[in-house]
Amino acid sequence: MRVVALSGAVIQLALALAFLVIYWQKRAAGDQSPMLFEQDYIWFTPLNIHYHIGADGISIAMILLTAFVTVAGILVSWSMEKLNKEFFFLLIFLSMGAYGFFISLDLFTLFFFLEVAVIPKFLLIGIWGSGRKEYSAMKLALMLMGGSALVFVGLAGIYFNTTTTTGAHTFDLMQIAQMHIPLQVQKLFFPFAFIGFGIFTALFPFHTWVPDGHSSAPTAASMFLAGISMKLGGYGCLRVATYLMPDAAHAYSWIIILLATIAIIYGAFATMMQTDLKYINAYSSISHCGFVLLGIGMLTKTAIAGAVMQMVSHGLMTALFFAAIGMLYDRTHTRQVAQLGGLLKVMPFIAAVFVIAGLCSLGLPGLSGFVAEVTVFMGSWQNADAAYRLATILACASIVVTAVYILRAMGKVIMGPLQVNGQNAPLHLGDAGWNEKAAAAILIIGIIAIGIAPFWLNELIGGATTNIIEKLSFR
Amino acid sequence: MLTDFFILMKQELVITVIIFILLLLKIGKDLTNEQAINLANALLLVNCVAGLFLNHPGALFSGMFQTNALIVVEKNILSFGTLIVSLQASSWLKKHSHVLEFYILLLSTLLGMFFMISSGNLLMFYLGLELSSIPLAAMANFDLAKKQSSEAAMKFIISSAFASGLLLFGISMVYGATGTITLSEIAAHITGAPLQVFAFVLLLAGFAFKISVVPFHLWTADVYEGAPVAVTSYLSVISKGSVLFVFISVLYTAFKPMADTWYDMLFLLSVLTIIIGNLFAIRQNNIKRFLAFSSIAQIGFILVGITGSSQMAVASVVYFVLIYVFSNLAAFGVVALVSAVTGREQVSDYKGFYKTNPVLSWVLTIALFSLAGVPPTAGFFGKFFLLMSGAGKGNYILITIAALNMIISFYYYLRIVKAIFMDANDQPIERLVIPVYPRLALYICVAGIVITGLAGYVFDYIHSLSFGF
């Protein structure tokens with residue numbers, strides 16, 4: 001079963017890379033249409049619902065992210081014994097939801113895949129999790145369902161205020177983007193859509209599912225949750241809420257900025273208080289996803305490009321972080337920072353992975369985190385409003401806090417005297433196996449590829465962000 | 001005229017013939033239970049297949065009886081559901097001493113429902129309703145040794161009688177206020193006078209009783225709990241579905257001029273029904289009671305769809321009933337099997353169910369997800385269309401309340417899923433052998449749950465037959 005899952009995921013990765021190459025070729029050949037690879041089938045005639053898919057640069061970037069994390073996630077859970085068929089089935093099912101979501105150009109299809117991705121998470125956490133797994137699974141599922149319920153109201157509101165040339169309503173994203181939805185309608189339904197998607201991406205104060213969900217989930221599920229699933233929300237906020245309702249986005253951007261800044265700072269300080277490695281990463285995810293929302297809320301081209309880059313970068317980085325934590329936990333059976341120490345001596349590979357993930361998280365140049373965060377900050381600064389600049393400064397300052405908690409945790413776990421579970425005696429702990437090395441390598445390749453040569457990602461998403469910005473500034 | 005009679009009333013006549021066949025067999029020949037079940041299922045299959053052919057629209061008896069393509073589809077949904085119920089009941093009926101009587105009663109109720117759906121006149125509707133509910137009471141009492149079963153039957157007959165009384169009073173008021181009880185003629189005489197509103201409220205209350213809308217739902221849980229599982233599933237799906245079909249056509253044809261009045265009433269009733277159904281479902285420990293309250297909440301969602309009063313609304317309600325047949329019968333199928341073999345009906349009994357019965361667990365899980373409205377199951381599409389048709393009126397408050405209530409419903413469905421997959425249990429339900437008929441029924445249901453949603457054709461077809469204003 002795991003072989004089937006892995007080969008499937010690898011094929012997906014190959015396809016995603018192939019799409020990337022074809023995409024470049026088409027663009028280089030001068031194809032300027034906003035979406036490539038479009039497929040459009042009618043699904044439910046009475047409601048004018050289509051199965052309409054296609055991809056632009058942002059979608060391709062997100063698909064690549066999903067493919068990377070899926071392969072890595074399956075590799076990490078290679079030795080999963082308990083109900084392994086179901087486990088891999090649910091992982092693949094979850095990635096299917098994510099792929100479908102990122103390529104949907106019809107709001108119904110998009111909503112369909114958004115909800116498809118909820119249930120596997122519940123089962124993955126509830127069955128294979130640890131700690132208070134039932135509680136966390138239920139909390140996560142209910143909060144995400146709440147998010148989808150709000151999204152549904154938002155989508156229904158958009159739908160009934162569209163008219164196509166034939167007089168019917170439409171769910172088609174590209175068609176709606178050409179229309180002008182009345183300002184009053186936008187103001188009414190933007191909050192539904194944005195908060196709905198925001199719950200998926202840990203918008204403050206709807207972030208509470210993140211720490212519980214991540215810490216209880218099995219390693220692969222944590223990677224999927226933080227790496228892919230939280231990106232569904234960011235993508236939805238950008239593509240649906242902001243893109244389709246630009247006037248409301250302008251009207252409400254100060255609220256988005258406010259909440260995002262709170263999330264960034266609160267997340268960073270809350271992380272300082274955590275003693276469990278998974279909680280550390282979960283809270284820092286809240287902080288990092290705040291950058292995504294900050295970038296979207298700033299409504300400038302660079303900031304939005306930065307938000308997308310941050311989504312990709314954070315997806316890879318946090319997946320790597322969770323993978324490293326999972327590997328540590330498999331060997332030491334504890335995730336408490338205080339009970340670990342000096343692991344570099346016994347498991348150098350895992351320790352190195354851990355360091356790379358940590359440095360990426362705190363934004364070391366050369367790794368993807370730096371590129372993404374700098375782009376967000378540059379873009380944010382372009383928004384000349386004084387209060388927005390204050391928010392930018394505060395967000396920048398939070399990086400210092402990030403550095404504190406990352407370096408502190410790493411210093412304690414990696415360096416110093418060898419210690420596991422508070423015992424000084426060195427244990428015979430093995431280093432990473434081939435599957436774990438492969439998983440880490442794949443993610444690190446992604447991180448470094450973005451970190452050293454960010455221009456390809458920038459070019460990839462450039463066209464798409466230009467489209468969004470044109471829609472945003474055309475009022 | 002005679003050919004008209006045979007062709008238009010074909011579905012009713014087929015059922016009548018089947019009833020007589022069973023009756024004669026009962027008198028003349030000693031059948032073993034096995035034979036009786038096989039025969040009855042075969043006849044029900046014949047009934048289902050016969051429903052697919054030679055369907056023409058038309059009216060008989062000067063408009064008392066009418067049929068059209070949508071009505072035929074509705075009847076086919078019901079006969080199909082009845083077949084599934086009968087397949088699921090087989091493991092329980094095998095040990096029963098009155099198999100043929102069960103089928104005779106079952107088919108009588110179905111016949112009543114058919115007449116009810118086809119009625120073009122309130123009197124005809126009332127006759128059909130009585131024909132369907134009196135045998136149902138007898139069926140509720142079919143666990144002969146259990147006191148609870150008789151209690152359920154008693155409760156059902158009393159509440160039915162009360163509902164019938166309300167309906168009859170309403171019908172007489174309608175006659176007094178408009179001078180007619182022919183559905184198609186009432187609309188022309190509706191002026192919105194207080195007496196007419198009063199008559200309508202009485203009718204509405206009668207309907208609300210039948211489909212257990214809050215605050216007329218109090219009989220539901222007790223009857224569901226006491227009655228045999230097969231009868232409960234029949235009550236919750238087929239009987240409610242048929243009344244819903246009539247309810248829509250009465251609202252949309254006879255009381256069309258009063259649409260503004262009943263829109264407000266339905267708005268209130270649907271919100272109440274969803275919320276109360278949900279809140280009570282959370283607290284249930286008996287799985288049959290749980291399904292009873294969840295079905296009340298589902299009715300609330302259907303009412304949201306009915307408020308839409310468009311072609312879309314009719315289509316989404318019929319479509320949802322079809323999906324509901326599959327999802328609810330799949331859930332009841334598993335419950336029936338477990339209850340027939342082990343006699344256990346508590347939610348806590350399902351802890352650790354996955355370890356011993358993986359197949360049944362998945363069936364129950366898929367059914368519950370479909371009831372909760374999670375994609376890719378059909379329930380998602382059903383709920384989505386219901387809410388969209390409700391939103392078509394521009395009442396976003398209503399659909400926001402409904403959408404948020406989906407979260408609550410999600411919680412209690414997931415509670416069962418959690419028990420099945422995650423909770424440990426010292427004494428899980430032992431590994432069950434699934435006999436052929438129930439197995440077949442479960443497969444049909446699961447296939448239905450998957451296909452009716454994803455295949456857009458089903459909804460398109462129902463929509464093309466629907467009407468609205």
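**Two helix pairs and a chain contact**

The crossing of α17 and α18 in chain B is right-handed. Keep in mind that this is a predicted model. Helix α17 of chain B covers residues 378–391 and helix α18 of chain B covers residues 396–421; their axes come within 8 Å and cross at roughly 155°. That angle makes α17(B) roughly antiparallel to α18(B), since the cut-off for that label is over 145 degrees.

Now the residues of this pair. From α17(B) we have B:L387, B:G390 and B:A391, and they meet B:Y396, B:L398, B:I399, B:A402 and B:A403 of α18(B). By class, that contact holds 7 nonpolar residues, 1 polar and no charged.

Next, a pair in chain A. Here helix α3, residues 84–103, and helix α4, residues 107–116, have axes that come within 8 Å and cross at roughly 160°. So α3(A) and α4(A) are also roughly antiparallel to each other. This time the crossing is left-handed. On the α3(A) side the residues are A:M96, A:G97, A:G100 and A:F101, and they meet A:T109, A:L110, A:F113, A:L114 and A:V116 in α4(A). That contact has 6 nonpolar, 3 polar and no charged residues.

Last, the two chains together. Chain A puts 25 residues into the contact and chain B puts in 27. On the chain A side, at least two residues each come from β1 (36–44), α4, α5 (118–128) and α6 (133–159). Which element of chain A gives the most to the side that touches chain B? That is α6(A), with 11 residues. By class, this side of chain A has 19 nonpolar, 4 polar and 2 charged residues.

Methods
Residues are numbered from 1 along each chain as its sequence is written. Chains are lettered from A and ligands numbered from 1 in the order in which they are written. This is a predicted model: local features need pLDDT of at least 70, side-chain atom pairs count only at pLDDT 80 or more; totals for chains, interfaces and linings use all residues. Axes are lines fitted to C-alpha atoms, for helices over the stretch in contact, and angles run from 0 to 180 degrees between N-to-C directions. Helices (H or I, at least four residues) and strands (E, at least two) are DSSP runs, numbered from the N terminus. Angles under 35 degrees count as roughly parallel, over 145 as roughly antiparallel, 65 to 115 as roughly perpendicular and the rest as oblique. A crossing is left-handed if the near helix is turned anticlockwise from the far one by less than a right angle, and right-handed if clockwise. Two residues are in contact if their C-beta atoms, placed from the backbone, lie within 7 Å. Ala, Val, Leu, Ile, Met, Phe, Trp, Tyr, Cys and Pro count as nonpolar, Asp, Glu, Lys and Arg as charged, and the others, Gly among them, as polar.
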